[in-house]
Every structure is written in structure tokens, then in C-alpha cells.
Amino acid sequence: VPVALADCLLDDGNRPAATVAAKQIEGERRAAVAADADRLFMYGWSYGGIMANWAATHTDRFKAIVSGASVADARLQYSISDSRRWRFDYFRGSPFLDAHYPLYQRESAVTHAKQAKSPTLFVVGSEDRRCPPEQSLMMYRAFKDHGVTTELLMYPREDHAFVEPRHILDRAKRIAEWIKRFDTKAPRSTT
């Protein structure tokens, strides 16, 4: 059962990432009759990458996760992203003011990295100004430090939306390989 993004964002504004994750999990529960729990995977890019990071740090239901062009730390994103204005409204102010700091910290997936269990692949362009590569590097390092199976792919010259055909194809291939690696129920080739 698909969950409308508008439904996810209609909350009190205090726990937006948690609300989206909760709505997604509720949608999965309703669809669980048809889903094979041993073959649940997650892939997200940009805001989907933010949700992938959140899922990776809040549930172990996914056999593997791919997080693309994502955000680890909302405070860092406020500081270095080219799109910090919506975050200012979203979080109701600067992360460097005492009144807002706890919300930024709580809503940053990296804060919860010690809870991560699902193998996670981080993918980002080295020139991404929207979700800078430092964000993916931070999540990757946090997962490594906590013993989570993880890899980081950083594509040279790519911004938030990849444009080089070779990189677009390679990214798709690597994502498919990552998921296949952890799909223990997938049919295996005998050739």
C-alpha cells in the first residue's frame, strides 16, 4: 500500500523523519501479506536517501539498503548544502541556537548509527552541492565504526543528478549487485 508523501508530512513538525518512517512501516505492514520478509530491500535517493539512512538506523527489517545522495547530519546539511532555506523552516531555526539544536540532533540519522544493522551501500557524486559527499562519508564512517557491513561509492564530477552515462550505468549495476549480494533467496545462475 503506497504511502502518500503529503500524508507523511502532515505532522506536528517536531518529528518529520520519524513520521515518514512510521508511515512507511505502516504501509509495509499492510502489504506484508504479499511481501517476503526475507527479501525486503530499500533504495532511496536524495530525500529517499535521507529516509534510507533513517530506516538503517531504526529498523533491521531490510536485508540490505542503498542510500544515495543522502544526509547524515542535519546540522552539517544546514551549514554546507546549497538548499538550506527549507531546512531552516522545517527545523524552525538555526541548529546553532540552543532552542533548535536538540531537534537537529534527534532528526539526524548519524545520531542513531549505533543501532544500524542492515548492510548499507552509500552512493554519492563528488560534486554534489545539494547533499554533499561529506554526508555520505559521515554515515559510512559511523557504520564502519559500529561494525555494520557498508561500502561507499563516490563518482567523480557528478552533482546531485548524475549526467555521465557511464556513471549512471555503473551506479545501476552496483546497486543491483549490492541487493543481489544480500538476497539469499534469489535464484542463482548454474552457468
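Author: First, a term. Axes are lines fitted to C-alpha atoms, for helices over the stretch in contact, and angles run from 0 to 180 degrees between N-to-C directions. With that in hand, take helix α8, residues 165-182. Helix α8 lies across β1, β2, β3 and β4. Its direction runs at about 175° to that of β4. Keep in mind that the model is predicted.

Now the sheet itself. It is open and has four strands. Their order is β1-β2-β3-β4, and the pairing is parallel. Which strands form the edges? They are β1 (41-45) and β4 (150-155), and each pairs on one side only. Neighbouring strands are turned against each other by 10° on average, with direction ignored.

Look inside the sheet next. Strand β2 covers residues 64-68, and strand β3 covers residues 120-125. These two run parallel, and four bridges join them. Ile65 stands opposite Thr120 in β3.

Then comes the nonpolar core. The largest one holds 23 residues. Met42, Phe62, Ile65, Val110, Phe122, Met139 and Phe143 touch the most other members. Two elements give two or more residues to this core: α3 (47-58) and α7 (133-145). Helix α3 supplies the largest share, six residues.

Stay with Met42 for a moment. Leaving out residues up to four places away in sequence, Met42 touches Met51, Ala52, Ala55, Phe62, Ala64, Ile65 and Val66. Another core lies apart from the largest one. This other core has ten residues, among them Leu121, Val123, Leu153 and Phe182.

Step back to the whole chain. The protein has eight helices and four strands. Along the sequence they follow the pattern α-α-β-α-β-α-α-α-β-α-β-α. Of the 191 residues, 47% count as buried. Consider contacts with a separation of 6 or more: residues 24 or more positions apart account for 66% of them. Last, the surface. The protein exposes about 10100 Å², and carbon and sulfur atoms supply 56% of that.

Technical notes: Residues numbered from 1 in each chain as written. Predicted model: local features only at pLDDT ≥ 70, side-chain atom pairs only at ≥ 80, totals over all residues. Heavy atoms only, no water. Core = buried A, V, L, I, M, F, W, Y, C linked by side-chain atoms within 4.5 Å. Buried < 20%, exposed > 50% of the residue type's maximum accessible area, 1.4 Å probe, protein only. Contact = heavy atoms within 4.5 Å. Areas by Shrake-Rupley, 256 points an atom, 1.4 Å probe, with all protein chains shown as cover. Pairing = 2+ DSSP bridges.
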